[in-house]
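Let's take a friendly walk through this protein, one feature at a time. Have the picture ready and follow along.

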Amino acid sequence: MNEALIAETISITGHGGDEVEAYLARPLGQDSFGSVVVIHHMPGYDSATKEITRKFAAHGYAALMPNLYHRDAPGASPDDAAATARAKGGVPDERLVGDVGGAADHLRALDGSNGKVGVIGYCSGGRQSFLAAVSLPLDAAVDCYGAFVVGHPPEGTPLKAGPIVHLTKDLSCPLLGLFGAEDTHPSPEQVQELEQELKAQGKTYEFHTYEGAGHAFFAVNRPAYRPEAANDGWNRIWDFYGRYLAA
C-alpha cells in the first residue's frame with residue numbers, strides 16, 4: 001500500500017449532460033492504475049464514504065464518487081440532501097446509470113489509467129452497483145449488502161426501487177457480493193435467489209456471507225460495524241480488484 005495520494009472535489013459530466021459534483025482520489029507516483037467508481041450509501045455523499053474513496057487511492061486505485069443527490073439538494077448537508085432524495089423515492093435508475101457511466105468515462109480519461117474500471121456500492125449503493133454492472137461495460141463490480149436486487153421495499157416506504165434480478169443476463173463483468181447473515185434487506189433467502197440466477201446465467205461471481213453481521217457491517221461509525229467481517233471483506237475486495245482491475 002502506497003498512501004501518497006491526492007483528493008479533491010471536482011465536476012464531472014453525468015446523466016443527460018448535467019454537471020455533477022464528485023469526489024476524486026488518486027494515487028501519486030504510479031505510472032499505471034485501475035479505477036473504481038464508488039457509489040455512496042443512502043445516507044449520502046458524506047465524510048465516511050469520502051474516506052472509503054481515499055482508501056482505494058491509498059491502495060493504488062483512482063476512485064471517483066459522484067454526488068448522486070447533487071440535483072436534488074445542491075449545497076445541502078449530506079443529511080438534508082439524503083432526506084430530500086429519500087422523500088422523492090431515491091435516485092432514478094436511469095439517472096444512476098448515466099452518472100456512473102460519466103464517472104467511469106472520467107476515470108478512463110485520467111493520465112495513467114490502464115482503462116479498467118470497476119464499481120462498488122454499499123446499502124442502496126450495492127443495488128446500484130449491480131444495476132451499473134448490468135447496464136454498462138465494466139471490468140469488476142462489488143455489491144456490499146445491496147437491498148432490492150431481489151424483492152421490493154417494505155410497504156409504506158417512499159423508496160422506489162423495484163427488483164432487478166431479471167437483468168442478471170446482462171451482467172458485463174465478474175461480481176463480488178458481501179452480505180450479513182443477520183440482514184433482512186437483503187435477506188439470506190434473497191441472496192440465495194440472486195446466486196441461483198447468476199449460476200443459471202453462467203456468470204462469474206463470488207458471494208460471502210458473514211455470521212453475526214447484519215446490514216452496514218462495513219460502517220465504522222455505526223453500531224452495525226463488525227470489524228472481523230469488515231476486515232475480511234476488505235481483504236476480499238483487494239484480492240478481487242487485484243485480479244480484475246490492476247492487471
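## Helices α3 and α4

Helix α3 (residues 93-108) and helix α4 (residues 124-133) pack with their axes 10 Å apart, at an angle of about 70°. They are therefore roughly perpendicular to each other, a label for angles of 65 to 115 degrees; under 35 counts as roughly parallel, over 145 as roughly antiparallel, and the rest as oblique. From α3, the contact uses Asp93, Leu96, Val97 and Val100, while α4 brings Arg127, Gln128, Leu131 and Ala132. Sorted by class, these residues are five nonpolar, one polar and two charged.

Helices (H or I, at least four residues) and strands (E, at least two) are DSSP runs, numbered from the N terminus. Axes are lines fitted to C-alpha atoms, for helices over the stretch in contact, and angles run from 0 to 180 degrees between N-to-C directions. Contact means heavy atoms within 4.5 Å. Ala, Val, Leu, Ile, Met, Phe, Trp, Tyr, Cys and Pro count as nonpolar, Asp, Glu, Lys and Arg as charged, and the others, Gly among them, as polar.

## About the model

This is a predicted model, where local features need pLDDT of at least 70 and side-chain atom pairs count only at pLDDT 80 or more, while totals for chains, interfaces and linings use all residues. Residues are numbered from 1 along each chain as its sequence is written, and side-chain values use heavy atoms, leaving out hydrogens and water.

## Helices α1 and α6

Now find helix α1 (residues 47-58) and helix α6 (residues 227-244), whose axes come within 12 Å and cross at roughly 50°. These two helices are therefore oblique to each other. Ile52, Lys55 and Phe56 of α1 meet Trp234, Ile237, Trp238 and Tyr241 of α6. That contact has six nonpolar residues, no polar ones and one charged.

## Two backbone details

Which kind of peptide bond joins histidine 185 and proline 186? The bond is cis, with omega about 10°. Proline 186 sits in the loop between β7 (175-180) and α5.

Cysteine 123 has a positive phi, near 60°, in a residue other than glycine. Look for cysteine 123 in the loop between β5 (113-122) and α4.

Proline 186 comes back here: Pro186 is among the residues lining the largest cavity, including Asp143, Phe148 and Leu194. Helix α5 (residues 188-200) gives the most to this lining, with three residues. By class, the lining has eight nonpolar, two polar and one charged.

Notes:
1 Å grid on protein atoms, 1.4 Å probe; cavity = no way out; pocket = protein on both sides within 12 Å on 5 of 7 lines; lining within 4 Å.
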